[in-house]
Amino acid sequence: MTHDLERNKRTAVEFYRMAYEGDPSGAVERFVGAEYIQHNPDGEDGPHGFLEYFERMAAGYPAETLETRRVGA
């Protein structure tokens with residue numbers, strides 16, 4: 001069970017790192033299924049909504065970086 005939690009945490013971090021650091025379509029292709037629920041009210045549900053949100057953020061904040069300090073599961 002602990003192994004599964006650690007794997008899930010690594011997967012979540014890899015997903016957001018890939019999406020945030022310039023390859024949101026690769027992140028969707030690799031990690032997102034047909035259904036994606038966006039919890040941020042500025043984004044829409046679904047893979048298309050995810051891509052649209054992250055592309056908009058990358059264009060608006062090109063110098064931003066992502067640093068993961070802690071992950072809970």
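R7 is partly exposed, because its relative accessibility is 39%. Partly exposed is the band between buried (under 20% relative accessible area) and exposed (over 50%), found with a 1.4 Å probe on protein chains only. D4 is also partly exposed, at 35% relative accessibility. The side chains of R7 and D4 meet in a salt bridge, at 3.3 Å from N to O. A salt bridge here means a side-chain nitrogen of Lys or Arg within 4 Å of a carboxyl oxygen of Asp or Glu. R7 and D4 are 3 residues apart in helix α1, so about one helical turn separates them.

This is a predicted model, in which local features need pLDDT of at least 70, side-chain atom pairs count only at pLDDT 80 or more, and totals for chains, interfaces and linings use all residues. Residues are numbered from 1 along each chain as its sequence is written, and side-chain values use heavy atoms, with hydrogens and water left out.

**Salt bridges**

The structure holds 4 salt bridges. The table lists some, including the R7 and D4 pair.

| Pair | N to O distance |
|---|---|
| R7 and D4 | 3.3 Å |
| E14 and R30 | 2.5 Å |
| E67 and R69 | 3.5 Å |

Take E14 and R30, whose side chains meet in a salt bridge. E14 lies in helix α1 and R30 in helix α2, so this pair ties together parts that are 16 residues apart in sequence. E14 is partly exposed, at a relative accessible area of 33%. R30 counts as exposed, at 52% relative accessibility.

Now E67 and R69. E67 is exposed at 59% relative accessibility. R69 is exposed too, with a relative accessible area of 71%.

**Helix α1**

Helix α1 covers residues 2-20, which makes 19 residues. Helices are DSSP runs of H or I with at least four residues, numbered from the N terminus. From first C-alpha to last, α1 reaches 27 Å, close to the 27 Å expected at 1.5 Å a residue. The expected span is 1.5 Å times one less than the number of residues.

Which residues of α1 are buried? They are K9, V13, F15 and A19. These residues cover an arc of only 155° around the axis, which puts them on the same side of α1. The arc is taken from the directions that run from the helix axis to the C-beta atoms.

What do the buried residues of α1 pack against? They pack against α2 (24-31) and α3 (46-60). Contact means heavy atoms within 4.5 Å.

Just after α1 comes G22, with a positive phi of about 115°.

How values were computed: Helix = DSSP H or I, 4+ residues; strand = E, 2+ residues; numbered from the N terminus.
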